[in-house]
Amino acid sequence: MLTVANATLHYGAAAALRGVNMEVAQGRITCLLGRNGVGKTSTIRAIVGQHALSGGAISFDGAELGRRSSHDRARAGIGLVPQGREIFPLLTVKENLQTGYACLPRAQRSIPDYVFELFPILKTMLHRRGGDLSGGQQQQLAIGRALVMRPKLIAFDEPTEGIQPSIIKDIGRAIQFLRDEHGLTILLVEQYLDFCRELADHIYIMDRGEIVHSGAAETLDDPEVRKHLTV
Ligand SMILES: Nc1ncnc2c1ncn2[C@@H]1O[C@H](COP(=O)(O)OP(=O)(O)OP(=O)(O)O)[C@@H](O)[C@H]1O
């Protein structure tokens, strides 16, 4: 579904990605793990078109993304739940969800019912401002906003960061539901190992801009594999 081939990415002279190869399989949950600052967010930026690659290629649904804009990629079906959620604090919950309409044809501009089935709290808070929501509610809103765009793939950047355990469970269930009931393809960047162990069909571990391990979720139990994740 999504293939990252020999990707390199620079910030000025500093290399953040150094020849990354990764396959995100259709209808599966693929986790990308790694310590702080190893290049996970940079990988997502490259996929969604927020930062250009300096080498290599990314293809989605059989077509190379090249220099296509973020807007184009969203239209092609690549959704993003960004790190830190990036909710518009002064817009209402409904307006935040509607920002997802920007890349949709007019006929598709509606909020799918299953967004409220997954996160009923959003329905009760439709007219509240985004900034008034708790961190966990904002995370649910960020996921809802991504779903409004009818994505085929969603990249989640650390969705459990700073979220209370009961909502982490809801988010885990939502991610599973999206894979199992809607056939969505998920790329999950995480630091929370137990969360990944439970959800992932496949894991990649990144270190200093490179993929250093690729395997099934159970390989996370291997102490040699865990070494890549301990500080
Ligand atoms: N906008 C930027 N300008 C310069 N350097 C950057 C920029 N963004 C990230 N970097 C650097 O690139 C490297 C990879 O950062 P990246 O954010 O991709 O890592 P990460 O694995 O997502 O980390 P975290 O878990 O902290 O989010 C780091 O050394 C970081 O300091």
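Reader: In β5, what is the bridge partner of Ser-59?
Author: Glu-64. Strands here are DSSP runs of E, at least two residues long, and helices are runs of H or I, at least four, numbered from the N terminus.

Reader: What kind of model is this?
Author: This is a predicted model, where local features need pLDDT of at least 70 and side-chain atom pairs count only at pLDDT 80 or more, while totals for chains, interfaces and linings use all residues. Residues are numbered from 1 along each chain as its sequence is written, and side-chain values use heavy atoms, with hydrogens and water left out.

Reader: Back to β5. How many bridges join β4 to β5?
Author: Two, and the strands run antiparallel. Two strands count as paired if DSSP finds at least two bridges between them.

Reader: What do β4 and β5 form?
Author: A hairpin, with two residues between the strands. Asp-61 sits in the loop between β4 and β5. Its phi is positive, about 55 degrees, although Asp-61 is not a glycine.

Reader: Why point that out?
Author: Because most residues other than glycine have a negative phi.

Reader: What is the strand order in the four-stranded sheet?
Author: β2-β1-β4-β5. The sheet is open and its pairing is antiparallel.

Reader: How many bridges join β1 to β2?
Author: Eight, in an antiparallel pair, with β1 covering residues 2–11. Val-4 stands opposite Met-22 in β2.

Reader: And how many join β1 to β4?
Author: Five, again antiparallel. Leu-2 stands opposite Phe-60 in β4. Thr-8 has Gly-55 in β4 as its bridge partner.

Reader: What about the six-stranded sheet, what is its order?
Author: β6-β7-β8-β3-β9-β10. This sheet is open too, with mixed pairing. Its edge strands are β6 (78–81) and β10 (210–215), each pairing on one side only. Ignoring direction, neighbouring strands are turned by 20 degrees against each other on average.

Reader: Do β7 and β8 run parallel or antiparallel?
Author: Parallel, over five bridges. Strand β7 spans residues 153–157 and β8 spans 185–190. Phe-156 has Leu-188 in β8 as its bridge partner.

Reader: Which helices pack on this sheet?
Author: α1 is one of them, touching β3 (29–33), β6, β7, β8 and β9 (202–207). Its direction makes about 150 degrees with that of β8. Helix α6 (residues 135–148) also packs there, touching β6 and β7. Its direction makes about 170 degrees with that of β6.

Reader: Switching to the ligand. How many residues surround it?
Author: 14, and the closest are Gly-37, Gly-39, Lys-40, Thr-41 and Ser-42. A residue is near a molecule if one of its heavy atoms lies within 4 Å of it.

Reader: Which helix gives the most to that shell?
Author: α1 (residues 40–48), with four residues.

Reader: How does the shell divide by residue type?
Author: Into three nonpolar, seven polar and four charged. Here Ala, Val, Leu, Ile, Met, Phe, Trp, Tyr, Cys and Pro count as nonpolar, Asp, Glu, Lys and Arg as charged, and the others, Gly among them, as polar.

Reader: Which polar side-chain atoms lie by the ligand oxygens?
Author: One from Lys-40 lies 2.8 Å from a ligand oxygen. One from Ser-42 lies 2.5 Å from a ligand oxygen. An N or O atom in the side chain of Glu-158 is 3.1 Å from an oxygen of the ligand.

Reader: How much of the ligand does the protein bury?
Author: 59% of the 640 Å² that the ligand exposes when taken alone. Accessible areas come from the Shrake-Rupley method with a 1.4 Å probe.

Definitions and conventions
A polar contact is a pair of N or O atoms within 3.5 Å; within protein, one must be able to donate a hydrogen and the other to accept it, and residues adjacent in sequence count only if both atoms are side-chain atoms. Axes are lines fitted to C-alpha atoms, for helices over the stretch in contact, and angles run from 0 to 180 degrees between N-to-C directions. Contact means heavy atoms within 4.5 Å.
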